[in-house]
Number of protein chains: 2
Amino acid sequence: MSLLNGETIAILGGTGPQGRGLARRFAQAGLTVVLGSRTAEKGAQTAAELSEATGTTVTGTDNQSAAEAGDIVLVVVPWDGHGELLSKLKPELDGKIVVDCVNPLGFDKQGAYALTVEEGSATEQAAAILTDSTVVGAFHNVSAVLLEDPEAAPVETDVLVLGDDRLATDLIQELASTIPGVRGIYGGRRRNAHQIEALTANLISINRRYKTHAGTRITDL
Amino acid sequence: MSLLNGETIAILGGTGPQGRGLARRFAQAGLTVVLGSRTAEKGAQTAAELSEATGTTVTGTDNQSAAEAGDIVLVVVPWDGHGELLSKLKPELDGKIVVDCVNPLGFDKQGAYALTVEEGSATEQAAAILTDSTVVGAFHNVSAVLLEDPEAAPVETDVLVLGDDRLATDLIQELASTIPGVRGIYGGRRRNAHQIEALTANLISINRRYKTHAGTRITDL
């Protein structure tokens, strides 16, 4: 029996490449998806485009309404403003599973690098703010380009799910595994989220060197 | 043409599981390997055991003599004492390629977690001390159990090599690729070494959950 029992998946920051890519894949897997954006108009527009492109029904609205509508709420917003948005939406997110997908990265002429986060990681910052939500980290290292592939080719990568609540990590592993090619794998406790967020900087370096869209697979599993 | 042109590979801390495993694989690949240990006796003993087990000739001595003998020197010592040892061996390591393989991890009843390192990572600490060496990071995430497999089965994992010197990272990628199954892959600059060291904590969590010897593969490459 599926743990994903008719749950509504909300995606905050759902109009960027990563958010759109995840929305596309979840909608194609038959899940109910609500996109959130800074404005309801932008959310609705991107949702309409995704619905048209995939033959599914994605709805879109502002981040606050999306947070309210979701049973599982993915946070795919830029790092800049992450804490502020979550603080504002705390009432809507109380009692829900919140999946932080944010990578705190800086960029300079030498490429990407991991930023220092006072709480340790974006996921831990979310957990510090959302004290009445169940916060897990996931979807940090999945290429938006591959997710947005209109042919929906399998994404040959694993999604590491980080968290301290077994039911929540099991559920988000199952959510990740709805994407063809992806395995949702338990990746450790929330305190070990930082390096998975930061690993995205390495994948960006690899993409530059090898002209690819790198992901990771866990071996011997 | 091989970049590894008769170079001697020294392994400091070569009598622990990871050091022994790497020594075994490099010796089996036909490379010249010198093990270093805290005492010359221990180094010689482990080297004799490895030579016997593999039908190769591994030599062993103390860390200082091994550092002196090596053209490429791998640092596989415990994190505790890492900086102290490198400071002591700075004269022997000057002008050489030093490969830091150390993972600064803590352990408690919830498992492994990444320690905070003042310089950012073990690799960056090594670079801060060894100002006249070329320091790269590599071999952080390879299972010692798999490396030590007496059947020498291929190790299905990639080794990310981190560094700012292209010749050095190319050389260490080639060194990694001498292990059957392993691909040595450029993983980014030295400033992005922390998360690759810390990733070992996640692999330990995965090993506990799934009863395996997890490694990582880079996909789309």
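Predicted model: local features only at pLDDT ≥ 70, side-chain atom pairs only at ≥ 80, totals over all residues.
How many aromatic pairs are there over all chains? By the rule used here, the count comes to two. Under that rule, rings of Phe, Tyr and Trp (its six-membered ring) pair if their centres lie within 6.5 Å; planes under 30 degrees apart count as stacked, over 60 as edge-to-face and the rest as tilted.

Residues are numbered from 1 along each chain as its sequence is written, chains are lettered from A and ligands numbered from 1 in the order in which they are written, and side-chain values use heavy atoms, with hydrogens and water left out.

Now, the pair in chain A. Phe26(A) is in helix H1 (residues 17–28), and Phe139(A) is in the loop between strand E8 (134–137) and helix H7 (144–147), so you can see the pair linking distant parts of the chain, 113 residues apart. Helices (H or I, at least four residues) and strands (E, at least two) are DSSP runs here, numbered from the N terminus.

Buried means under 20% relative accessible area, exposed over 50%, and partly exposed in between (1.4 Å probe, protein chains only).

On to chain B. The rings of Phe26(B) and Phe139(B) have centres 5.8 Å apart and planes at 75 degrees, so that pair is edge-to-face. Phe26(B) counts as buried at 0%, and Phe139(B) at 1%.

How are the two chains related? Chain A can be laid on chain B with an RMSD of 0.0 Å by a turn of 180 degrees and a shift of 0.0 Å along the axis. That is the relation of a two-fold axis. The copies are superposed by least squares on the C-alpha atoms of residues with pLDDT of at least 70 in both. The same surface serves both copies, as 100% of the contact residues of chain A recur in chain B; contact means heavy atoms within 4.5 Å.

Between the chains, look for Arg209(A): its charged end sits over the ring of Tyr186(B), 3.8 Å from the ring centre. Arg209(B) has its charged end over the ring of Tyr186(A), also at 3.8 Å. For this, NZ of Lys or CZ of Arg must be within 6 Å of the ring centre and within 35 degrees of the ring normal.

Another arginine to find is Arg25(B), in helix H1 of chain B. Arg25(B) is buried yet has no salt bridge, and the nearest side chain of opposite charge, Asp149(B), is 4.7 Å away. A salt bridge needs a side-chain nitrogen of Lys or Arg within 4 Å of a carboxyl oxygen of Asp or Glu. Among the residues that Arg25(B) touches are Leu146(B), Val155(B) and Pro180(B).

Back in chain A, Leu146(A) belongs to helix H7 and is partly exposed at 26%. Beyond its sequence neighbours within four places, Leu146(A) contacts Arg25(A), Val155(A) and His213(A).

Last stop: helix H6 (residues 122–129) of chain A, where seven of the eight residues are buried. Those buried include Thr123(A), Glu124(A) and Ile129(A). Their cover includes helix H4 (82–88) and helix H9 (194–210) of chain A.

Key:
Lys, Arg positive; Asp, Glu negative; His and termini not counted.
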